[in-house]
Protein chains: 2
Amino acid sequence: MRKILFFWAIILGAYSCIQSHKSESPTNVKVVRKGAVIMAKPEKLALYKKLHAHPWESVITKLKECNIHNYSIFYRNGYLFSYMEYTGTNWKQDMQKLAADSTIQAWWKLTDPCQEPVSFAKDGEWWADMEEIFHSD
Amino acid sequence: MRKILFFWAIILGAYSCIQSHKSESPTNVKVVRKGAVIMAKPEKLALYKKLHAHPWESVITKLKECNIHNYSIFYRNGYLFSYMEYTGTNWKQDMQKLAADSTIQAWWKLTDPCQEPVSFAKDGEWWADMEEIFHSD
């Protein structure tokens, strides 16, 4: 009886351990990495940097709700490059959800005038999507 | 006695669980995100893409040994943008280690002729480092 109890305690411990690992790193989440490029207007660069150094908490929350994670923006010589990891299953729908949010609209009202599309952007393209040609975990 | 055994089995299970979590996500690792930009020579783009679609396993191994993780390269209209996460504590030393490796040297012998620095690169700068101006986990 003692051995059986001991056995079940080990099984119980192992089971909860597996479950907690599962919840931390879900195996079914497919991460899509997205890179894009846009220009910063020289006269608005300082404002753009200031806004992004202290982003609104509500913007960050909404990004996460729309399955955008590990999102960074880099700058050099007029070029803004963004990198993000998308963990959702419907990019178009999530982008519509993001664009429909009043906080995001207020944020973009400040940030959009700081940017202009690259010369090689397609008609109507704001951030110009880039192609992932290499990845190593 | 039975209860004590049961108690210790639970403690043992919990301890191994905590240890295995620790090894998966070390709390002391500081991640430095690095973005950089370079040009792809149009006539060498196909070769560059082909090499990066099937990178040598030995190159990937060496990158990891030098604490480079989650490394991606994106392309658009001549521009190559790289994103990586550095988890080491001595970037300069790790880059020297990388550059001293014969496999990496052989890889760069193939990839370097496919690239040229951006017009705004500093003297001697190959990939032009960008400044991280925004990040959200």
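Q: What is the relative accessible area of N77(A)?
A: In this predicted model, local features need pLDDT of at least 70 and side-chain atom pairs count only at pLDDT 80 or more, while totals for chains, interfaces and linings use all residues; side-chain values use heavy atoms, with hydrogens and water left out. Residues are numbered from 1 along each chain as its sequence is written, with chains lettered from A and ligands numbered from 1 in the order in which they are written. Buried means under 20% relative accessible area, exposed over 50%, and partly exposed in between (1.4 Å probe, protein chains only). N77(A) falls in the partly exposed class, because its relative accessible area is 46%.

Q: What is the phi of N77(A) near?
A: Look in the loop between strand 2 (68-76) and strand 3 (79-86) of chain A, where N77(A) lies; strands (E, at least two residues) and helices (H or I, at least four) are DSSP runs numbered from the N terminus. Most residues other than glycine have a negative phi. N77(A) isn't a glycine, yet its phi is positive, near 50°.

Q: And over in chain B, what is the phi of N77(B) about?
A: N77(B) sits in the loop between strand 2 and strand 3 (79-86) of chain B. N77(B) counts as partly exposed because its relative accessibility is 45%. Though not a glycine, N77(B) has a positive phi of about 50°.

Q: How many salt bridges are there over all chains?
A: A pair makes the list if a side-chain nitrogen of Lys or Arg is within 4 Å of a carboxyl oxygen of Asp or Glu. One of these pairs is K49(A) with E131(B). Over all chains, the salt bridge count comes to ten.

Q: Which residue of chain B forms a salt bridge with K49(A)?
A: K49(A) is in helix 2 (residues 45-53) of chain A and its partner in strand 6 (residues 131-136) of chain B, so the pair joins two chains. The N to O distance is 2.9 Å, and the partner is E131(B).

Q: How far apart are the closest N and O atoms of R76(B) and E125(A)?
A: This pair crosses between chains, from strand 2 (residues 68-76) of chain B to the loop between strand 4 (115-116) and strand 5 (128-129) of chain A. R76(B) and E125(A) are both buried. The closest N and O atoms of their salt bridge are 2.8 Å apart.

Q: Which residue in the loop between helix 4 (91-100) and helix 5 (102-111) of chain A pairs with K62(A)?
A: K62(A) is in helix 3 (residues 57-65) of chain A, so the pair ties together parts that are 39 residues apart in sequence. K62(A) is buried, with a relative accessible area of 15%, and salt bridges that share partners join K62(A), its partner and E65(A) into one network. The closest N and O atoms are 3.7 Å apart, and the partner is D101(A).

Q: At what angle do helix 4 and helix 5 of chain A pack?
A: The contact (heavy atoms within 4.5 Å) involves residues including L98(A) of helix 4 and W108(A) of helix 5, and its residues divide into five nonpolar, two polar and no charged. The axes, lines fitted to C-alpha atoms over the stretch in contact, are 5 Å apart. The helices count as roughly perpendicular, a class that runs from 65 to 115 degrees, and their angle is about 75°.

Definitions and conventions. Axes are lines fitted to C-alpha atoms, for helices over the stretch in contact, and angles run from 0 to 180 degrees between N-to-C directions. Angles under 35 degrees count as roughly parallel, over 145 as roughly antiparallel, 65 to 115 as roughly perpendicular and the rest as oblique. Ala, Val, Leu, Ile, Met, Phe, Trp, Tyr, Cys and Pro count as nonpolar, Asp, Glu, Lys and Arg as charged, and the others, Gly among them, as polar.
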